[in-house]
Amino acid sequence: MTDPAAPRGILVITGTGTGVGKTVVTAAVAVLAQARGARVAVVKPAQTGSDAADAPDVETVERLSGVTDTHEFARFPDPLSPEAAARTSGLPPLDMDGAVDYVKKLARSRDLVLVEGAGGLLVRYDPAGRTIASLASALGAPVLVVTAPGLGTLNHTALTCEALAMRGLRRYGVVIGSWPRQPGLAELENLADLRAVAGEPLAGVLPEGAGILDRAAFLAMARVALAPHLGGERPQGLWEPEPGAAHPLGVTRARLRTLCDHFGVRFGRFVHARSVRSGRQ
């Protein structure tokens, strides 16, 4: 690994809930690591909903990133929390202590180990109530938070960030896992508000549909969608407010147009939505 800004060691990836794009974000961090020559492994401690039509998460990561050093410790048929899925299937729950030991062993011979959780930060994995936060704490690993852009995300993101802080876990950034092709007013407003909730710039924004790209296109997308500390090349300060800007978002019109072009948002629609919201016609 040659980029000092890129992630190293163990990085846990969680979400504000299910279906927010954790697996695609995990694949994006993995493909960037592999592209720069890092030895990268991806771990899914527990996969639930294995009877569903969708491929297991590790297979999705392999397809998108080309990383084949993937590890899954437990798989349960029902789409429930890992604890509930183990209980309903009659299978033993994830051996959390064994998972900790295994990940630590992997980290001794890899540059980067990505650990993707199931559901949100505090979803239970076993009858003892251990969670992906418990795993991150035992590993001494930072946590990347993947969130949604729409209604409800501000509360979910704030609660997740607060739970990390209360447990003394280091947050490695907040990433929007799937930015819609046609964002509404809520999504556009939440860009600024999520930054306020996180207390720092967003670490990335992945476009809707990223999970169906071929590998070359997925790598190109990851480079522009993620921040340098995740291995990407996202323009620094893309969501940062500019002092003295006339637009209510806090950026100049020229930079706003660049932002819109970057993520496929129609500039005129963005300006109109923000202007109506602020009372400017």
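**Reading cores and a helix pair**

Reply: In the largest nonpolar core, which has 41 residues, Val113, Val115 and Leu135 touch the most other members. This is a predicted model, where local features need pLDDT of at least 70, side-chain atom pairs count only at pLDDT 80 or more, and totals for chains, interfaces and linings use all residues. Numbering runs from 1 along each chain as its sequence is written, and side-chain values use heavy atoms, leaving out hydrogens and water.

Me: What counts as a nonpolar core?

Reply: A set of buried Ala, Val, Leu, Ile, Met, Phe, Trp, Tyr and Cys residues joined through side-chain atoms within 4.5 Å; buried means under 20% relative accessible area, with a 1.4 Å probe and protein chains only. In soluble globular proteins, nonpolar side chains tend to be buried together. Here, Leu135 touches Pro45, Met96, Ala99, Val100 and Val115, leaving aside residues up to four places away in sequence (contact means heavy atoms within 4.5 Å). There's also a second, separate core of 34 residues, with Leu11, Ala38, Ala203 and Ala222 among them.

Me: At what angle do helix 4 and helix 5 cross?

Reply: Helices are DSSP runs of H or I, at least four residues, numbered from the N terminus. Axes are lines fitted to C-alpha atoms over the stretch in contact, with angles from 0 to 180 degrees between N-to-C directions. The axes of helix 4 (residues 96-107) and helix 5 (residues 132-139) come within 10 Å and cross at roughly 45 degrees. That makes helix 4 oblique to helix 5, since angles under 35 degrees count as roughly parallel, over 145 as roughly antiparallel, 65 to 115 as roughly perpendicular and the rest as oblique.

Me: Which residues meet there?

Reply: Met96, Ala99, Val100, Val103 and Lys104 in helix 4 meet Leu135, Ala138 and Leu139 in helix 5.

Definitions and conventions
Buried means under 20% relative accessible area, exposed over 50%, partly exposed in between (1.4 Å probe, protein chains only). Helices (H or I, at least four residues) and strands (E, at least two) are DSSP runs, numbered from the N terminus.
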